[in-house]
Amino acid sequence: MAEVIKGVTRSLNVPFIFKASYDKANRTSIRSFRGPGLVEGLRILKKVKDEVHVPILTDVHEVQDVAKVAEVADVLQIPAFLCRQTDLVVAAAQTGKPVNVKKGQFLAPWDAQNIVEKVRSAGNEAVLLTERGVSFGYNNLVADMRSLVVLRSFGVPVVFDATHSVQLPGGAGTASSGQREFVPYLARAAVATGCDALFMEIHPDPDRAPSDGPNMLRLDDLPALLAQVTQIDRIVCRL
């Protein structure tokens with residue numbers, strides 16, 4: 001996957017950071033797939049980094065994992081549900097690595113300024129904020145493009161998560177559902193609004209993915225979408 005996606009992004013001159021999780025700790029059900037765990041997961045991520053020659057981003061869920069993860073990952077990510085966990089955010093910042101914080105579904109965009117300040121309190125200015133939708137009633141999210149503008153006002157790069165923003169949390173009972181058909185529309189809208197990067201989950205066959213399949217973009221659909229958003233970004237940058 002990393003090698004194929006790298007080929008697509010390189011052909012369009014789009015910077016690419018590979019993201020995968022060694023542990024999906026916030027699953028809906030106790031029976032949900034979580035991943036290979038810290039040791040095996042980091043081994044795999046290091047192999048991807050060394051062999052495909054791409055920077056790596058992965059989630060950290062616990063303070064005690066931060067140092068080990070920082071040995072492999074180029075960017076540490078704070079999951080949305082943990083974005084207010086001060087000790088975790090500060091520990092990630094203290095590694096000196098860039099920290100990507102996913103804004104929680106329960107937060108207003110202006111509340112994310114407090115997260116930025118937590119990272120900066122550790123002397124780390126390399127912080128990114130990711131918008132991934134906000135709770136809109138039960139089992140539903142809405143993507144508010146105004147949020148991207150507010151988040152950028154804090155002087156940090158802003159990422160739009162085009163796939164988790166179409167997730168229907170817990171919508172399948174023992175798993176989350178999603179509406180992947182809306183991914184291209186939201187991605188194009190976010191780039192037109194002026195986000196700095198896109199976060200997208202990609203799979204060759206999303207219906208067979210062990211997690212998050214309903215909101216994943218099909219690998220075959222990636223080249224066309226990246227070509228479109230690249231053109232949109234060029235237009236926005238000229239404005």
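Reader: How do the residues lining the second largest pocket divide into nonpolar, polar and charged?

Author: A pocket is an open set of points on a 1 Å grid over the protein atoms alone, where a 1.4 Å probe fits, with protein on both sides within 12 Å along at least five of seven lines; lining residues have an atom within 4 Å of a point. Ala, Val, Leu, Ile, Met, Phe, Trp, Tyr, Cys and Pro count as nonpolar, Asp, Glu, Lys and Arg as charged, and the others, Gly among them, as polar. By class the lining has twelve nonpolar, eight charged and 14 polar residues.

Reader: What are the sources and limits of the model?

Author: This is a predicted model, where local features need pLDDT of at least 70, side-chain atom pairs count only at pLDDT 80 or more, and totals for chains, interfaces and linings use all residues. Residues are numbered from 1 along each chain as its sequence is written, and side-chain values use heavy atoms, leaving out hydrogens and water.

Reader: Which helix supplies the largest share of the lining of the largest pocket?

Author: That lining has 45 residues, of which 29 are nonpolar, eight polar and eight charged. Helices (H or I, at least four residues) and strands (E, at least two) are DSSP runs, numbered from the N terminus. The largest share, six residues, comes from α8.

Reader: Which residues of α5 meet α4?

Author: Contact means heavy atoms within 4.5 Å. From α4, Thr86, Val89, Val90 and Ala93 take part. Their partners in α5 are Ile115, Lys118, Val119 and Ser121.
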